[in-house]
Amino acid sequence: MPSQANASARFPSVRWFDEVRRVFNGDERYRGAGGGQCNCLAAMKIGDEVFVLTFEGVECSRAVAADEAALDDVDFYLDMAPVDWREMVANIKANGGADLHHTLNTLDLGREEGLATSHHGDQYREDLFFRYNQTLQFFFDASARIKTEFA
Amino acid sequence: MAKTTKKATAANAAPESKGDAPEPTAEDAPPKYEPKYNWMNKTRQWGVRIRPGKAGLRLGDLNAGIYGEVPMHWQDESRNPRGAVPRRGMPPVGYAIRDKAGLWADCAADLYEEAIQRRWAPATDVPWDSIEPLPDDVEHAVCQLCTEITQYANVDIETITGWQHRMSYGYHEVKQFLATASFDAARHYECFRKRALVNGGGLGLEGPGQVNRMILESRGGWTEAVVYLLLLRGVFTMTLYKYLERYAHNDAERFIYGHALADKARHVSYGLEHLRFAIAHLEDQRQVVATLLAIGDVGLARDLRDPVLKEALAIVFGGGVAGARRTGMAVFNDLMRDFLDTHFALCHWLDVPRNPAALPPPLSEYVAAEAA
């Protein structure tokens, strides 16, 4: 049975990502059908705030708050203004998952500089965003099952 | 033959009477074959004990000790697995690719695992029930795109399998990864054919296929095939999938395009790593890749002068024929600019010289449009 949220968490915060991790890690449906093993270090840049997520095997094993310097070390990071992050998370909540206008791929295409980028410019590492796109989408879609409060 | 029929074997000889003495059993008979087991000490390294990690026991984990020695040239011309003791006198199989620079990518073992672990089944994983009737013009366009993409997948299969058996076993990681890539291509062939035939439409018109022919007829080596199959066609197909996922009409299409995109990204990752390795280890390879791409531009430009793919995409992006002329074509132009941006960024990363100003039309129009 999929995990359900007990308490609400503020977006963005480590607690919010931990709640999503709990749901994501506990649902085996995210591991099949093109999901599965995902090994990367991905950061979420939400305005001035940075959160680094560690994906290992079939789990998201860690979420930590970081500063801009951490962006040098991640494979790629997703960069949007807080209002756009908020819209994406709200859309996922409203629809039980991202609708066609709010998938990570759509959001990537809709931005001049793309959604996923990196400081190192290593194309192999940047391409992890597309190789693991379904898992990353599953991760954010899992946020539909937690109670989110916006700051 | 007469001699052998007279000579009875222990198994079929008639029992002889020996009075009260017990009849000899097979165990009493002297063994006809005395095993020596001397093959047991034929190993180059024994006592290997690889432990599975958090992600399981992966192919790349096995590259320990002599089993992880991947030489720049593979001398053995037989099917001897890397690390095994060669048997003397084995006739050569005739592998054409025995140099590491001709196929290697450090990521191949990881990509193999990734492909195995992230596989999907079109028959049951795609939510086919989410597909509902579309307007005729849109269904025609979707089916035409499926026809074209099915051809691409067919070329992937033929190209990869056409080279795979020419690669020596010293580089098994690449051979294994490419086996998954050809299977991925088979899956794409399957699911795009299914999409074309599942909603009242059918297959459309065969594409012009200049790039297909260029890929299939690459004779200069696997690296040349990689340039056309992955750096040119692969990146173009990835870009198509990104846009088609964005303009999907239902969850089934969204699933198909999204998952095909992840598969294709894996193939392109191999291609990039291989080209980087080849360029680092072969003199002049960088310039060879540049020359191949200049030739490839001409083939791609010829394909793009055929209006079918462009018009079908414009209909999908514009929501129908009515929206194709303006909205649809504008999105198509975005797609082409995105493709060229990505392609040139990858070439830059590979340090392969490219001159956007030298692109033939209509490719040059997208570069010019961007500059304007």
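**Exercise 1. Find how strands β2 and β5 of chain A pair, and in which sense.**

Solution. Start with the term: strands (E, at least two residues) and helices (H or I, at least four) are DSSP runs numbered from the N terminus, and two strands pair if DSSP finds at least two bridges between them. Strand β2 (residues 40–46) of chain A and β5(A) pair in the parallel sense, over five bridges. Next, pick out one position: Y77(A) in β5(A) has A43(A) opposite.

Before going on, a word on the model: it is predicted, so local features need pLDDT of at least 70 and side-chain atom pairs count only at pLDDT 80 or more, while totals for chains, interfaces and linings use all residues. Residues are numbered from 1 along each chain as its sequence is written, and chains are lettered from A and ligands numbered from 1 in the order in which they are written.

**Exercise 2. Describe how α8(B) packs against α7(B) and α9(B).**

Solution. Two packed helices are described by the angle between their axes and the distance between the axes. Axes are lines fitted to C-alpha atoms, for helices over the stretch in contact, with angles from 0 to 180 degrees between N-to-C directions.

- The axes of α7(B) and α8(B) come within 8 Å and cross at roughly 150°. That makes the two helices roughly antiparallel (over 145 degrees).
- For α8(B) and helix α9 (residues 285–305) of chain B, the axes come within 7 Å and cross at roughly 130°.

**Exercise 3. Find which element of chain B gives the largest share of the side that touches chain A.**

Solution. Begin with the totals: 27 residues of chain B are in contact with 20 residues of chain A. Elements giving two or more residues to this side of chain B are α2 (108–117), α7 (222–246), α8 (251–281) and α11 (321–349). The largest share, eleven residues, comes from α8(B).

Methods. Two residues are in contact if their C-beta atoms, placed from the backbone, lie within 7 Å. Angles under 35 degrees count as roughly parallel, over 145 as roughly antiparallel, 65 to 115 as roughly perpendicular and the rest as oblique.
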